[in-house]
Amino acid sequence: MAIFLPETTQTATDALTPRQIVAELDKYVVGQARAKRAVAIALRNRMRRQKLPPELAEEIAPKNILMIGPTGVGKTEIARRLARLAQSPFIKVEASKFTEVGYVGRDVESMVRDLVELGVDMVRGERIEEVKAKAAQNAEERLLDLLLPPTRPIAPDEDSAAVRDQQQQTRERIREQLRAGRLDQRVVDVDVRERSFPTFEVIAGSSVEEVDINLKDMLPGLFQGRTKRRKLRVPEALEYLRQEEEQKLIDMDSVARTAVERVEQAGIIFIDEIDKIAGREGGHGPDVSREGVQRDILPIVEGTTVNTKHGMVRTDHILFIAAGAFHVSKPSDLIPELQGRFPIRVELEALGRDEFVRILTEPRSALVKQYVALMDTEGISLTFTDEAVRRIADFAALVNERTENIGARRLHTVMEKLVDDVSFEGPDLEEKRVTIDEAYVDRMLADIVKNEDLSRYIL
């Protein structure tokens with residue numbers, strides 16, 4: 001699963017101290033001070049490295065991080081927020097999805113290819129912002145050419161300057177009407193470039209990794225320039241022309257070069273479920289998703305060159321953050337070479353009742369705030385008392401103890417069951433003020449929690 005995170009922070013990234021990085025992470029993730037401290041140091045070291053002379057910077061490898069902790073304690077969220085903070089290309093992959101080279105399944109190099117695609121999207125988005133004003137201006141001029149009648153030839157006995165001046169005045173009047181929205185109902189004919197030609201996928205070499213071969217690129221004379229005339233209303237035509245002008249103003253070769261450099265120097269790959277590929281080969285035939293995948297991941301992590309359609313990408317300075325619950329296996333079950341590539345190890349603590357109370361109320365996107373905002377769209381004023389929040393945390397902690405401990409994810413199931421009636425009956429409620437107190441929580445959840453068999457299915 002790829003995650004593109006264009007969000008920026010108010011503070012300049014290169015000015016963030018480790019303490020400030022931890023403070024930013026605290027806004028979204030509760031607890032886990034040691035993990036936040038480790039990723040803050042790793043990010044700051046990356047900033048320090050960029051200020052070094054090139055020959056020395058080349059020698060300093062990133063210190064990859066291995067996060068160890070049960071599910072639902074914030075491993076993925078810390079990595080996502082870190083990438084958002086650093087404004088870096090970031091991708092999250094599941095180690096268990098990959099298979100050893102030579103078997104049907106995803107090749108480990110695909111994580112680097114996906115990261116480059118995200119980098120290209122990031123850089124293209126930035127370049128579009130830079131040329132947006134110029135593109136809008138060009139699109140407006142092209143639309144005015146479509147709206148205005150063709151200019152007639154100037155007769156020999158006419159004053160050419162006066163005719164041109166009159167034509168310019170007409171153009172400016174149409175421009176004013178266009179900007180005022182008075183021409184929005186007009187329809188114009190626009191030549192729209194066809195984009196529907198299919199892309200073919202072929203298997204290259206021994207890797208079952210898709211390589212896109214676009215026949216438009218192979219046979220440009222045959223497919224490029226095919227257009228179809230369509231009737232569009234003025235706002236739609238203006239938007240289409242603006243997008244076309246943006247693409248003309250952007251140099252995609254430069255975008256690709258910048259994206260590759262950004263991925264190489266600032267990319268972050270989060271490898272989740274790495275504990276699922278830990279463990280030795282058994283005596284029951286090949287296990288193509290375990291030790292073989294570890295051996296394939298090893299060169300990517302220690303530094304290799306991956307061929308992508310935007311150019312060769314070196315992985316020497318990409319930061320790798322791996323995470324796993326390690327319930328069944330141990331970090332020492334990974335092959336020794338791979339263990340050595342994750343020198344920083346942090347153990348995340350399991351979450352209890354006190355942390356659940358904070359998760360429900362403190363972060364910017366706290367669950368209680370989410371449900372209050374959702375109900376507000378129906379005109380319902382939903383309030384949670386402090387006692388209700390503590391009771392919700394009690395129930396979540398209790399169910400985690402009795403059944404499988406899934407950490408903070410249990411809060412989602414408990415909250416969804418709690419507001420089930422309000423969510424369903426919300427639009428039909430006459431009383432638009434709903435207060436969820438301790439008694440309400442007990443009424444909705446107590447019976448389910450008492451019945452252990454039932455709570456296994458519902459919560």
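**View 1. Arg142 is partly exposed, with a relative accessible area of 27%.** Partly exposed lies between buried, under 20% relative accessible area, and exposed, over 50% (1.4 Å probe, protein chains only). The model is predicted: local features need pLDDT of at least 70, side-chain atom pairs need 80 or more, and totals for chains, interfaces and linings use all residues. Residues count from 1 along each chain as its sequence is written, and side-chain values use heavy atoms, without hydrogens or water. Which residue does the side chain of Arg142 meet in a salt bridge? Its partner is Glu244, at 2.9 Å from N to O. Arg142 belongs to helix H5 (residues 110-147) and Glu244 to helix H9 (residues 234-249), so 102 residues of chain separate the pair. Helices (H or I, at least four residues) and strands (E, at least two) are DSSP runs, numbered from the N terminus. A salt bridge is a side-chain nitrogen of Lys or Arg within 4 Å of a carboxyl oxygen of Asp or Glu. Glu244 is buried, at 15% relative accessible area.

**View 2. Arg353 and Asp394 join helix H13 to helix H15.** Their side chains form a salt bridge of 2.4 Å, N to O. Arg353 sits in H13 (residues 353-361) and Asp394 in H15 (residues 386-402), so the bridge ties together parts 41 residues apart in sequence. Are these residues buried or partly exposed? Arg353 is partly exposed, at 32% relative accessibility. Asp394 is partly exposed as well, at 26%.

**View 3. Arg391 has a salt bridge to Asp442 and lies over the face of Phe395.** In the bridge, the closest N and O atoms are 2.7 Å apart. Arg391 is in helix H15, while Asp442 is in helix H18 (residues 438-450), 51 residues away in the chain. Arg391 is partly exposed, with 25% relative accessibility. For Asp442 the value is 26%, again partly exposed. Now look at the ring of Phe395: Arg391 is 4.7 Å from the ring centre. A charge counts as sitting over a ring if NZ of Lys or CZ of Arg is within 6 Å of the ring centre and within 35 degrees of the ring normal.

**View 4. The charged end of Arg81 sits over the ring of Tyr28.** The distance to the ring centre is 4.0 Å.

**View 5. A network of salt bridges links several side chains.** Which residues take part in this network? They are Glu140, Glu141, Asp145, Arg171, Glu172, Arg175 and Arg179. The structure as a whole holds 36 salt bridges.

**View 6. The second largest pocket has a lining of 33 residues.** A pocket is an open set of points on a 1 Å grid where a 1.4 Å probe fits, with protein on both sides within 12 Å along at least five of seven lines; lining residues have an atom within 4 Å of a point. Which residues lie nearest the centre of this pocket? Find Gly72, Gly74, Glu77, Ala408 and Arg409. Helices H4 (75-86), H14 (367-376) and H16 (409-418) each supply at least two residues of the lining. H4 gives the most, with five residues.

**View 7. Ile65 and Ala323 are 258 residues apart along the chain, with C-alpha atoms 8.3 Å apart.** Ile65 lies in strand S1 (residues 65-68). At 0% relative accessibility, Ile65 is buried.

**View 8. Thr315 is buried in a loop, at 0% relative accessibility.** The loop runs between strand S9 (311-314) and strand S10 (319-324). How far apart are Thr315 and Val263 in space? The C-alpha to C-alpha distance is 8.4 Å, although 52 residues separate them in sequence.

**View 9. Gln87 has a positive phi, though it is not a glycine.** Its phi is near 55 degrees. Gln87 lies in the loop between H4 and strand S2 (90-94). It is partly exposed, at 28% relative accessibility.

**View 10. Glu273 has a positive phi and is not a glycine.** Phi of Glu273 is near 55 degrees. Where is Glu273 placed? It lies in the loop between strand S7 (268-272) and helix H11 (291-302). Glu273 is partly exposed, with a relative accessible area of 26%.
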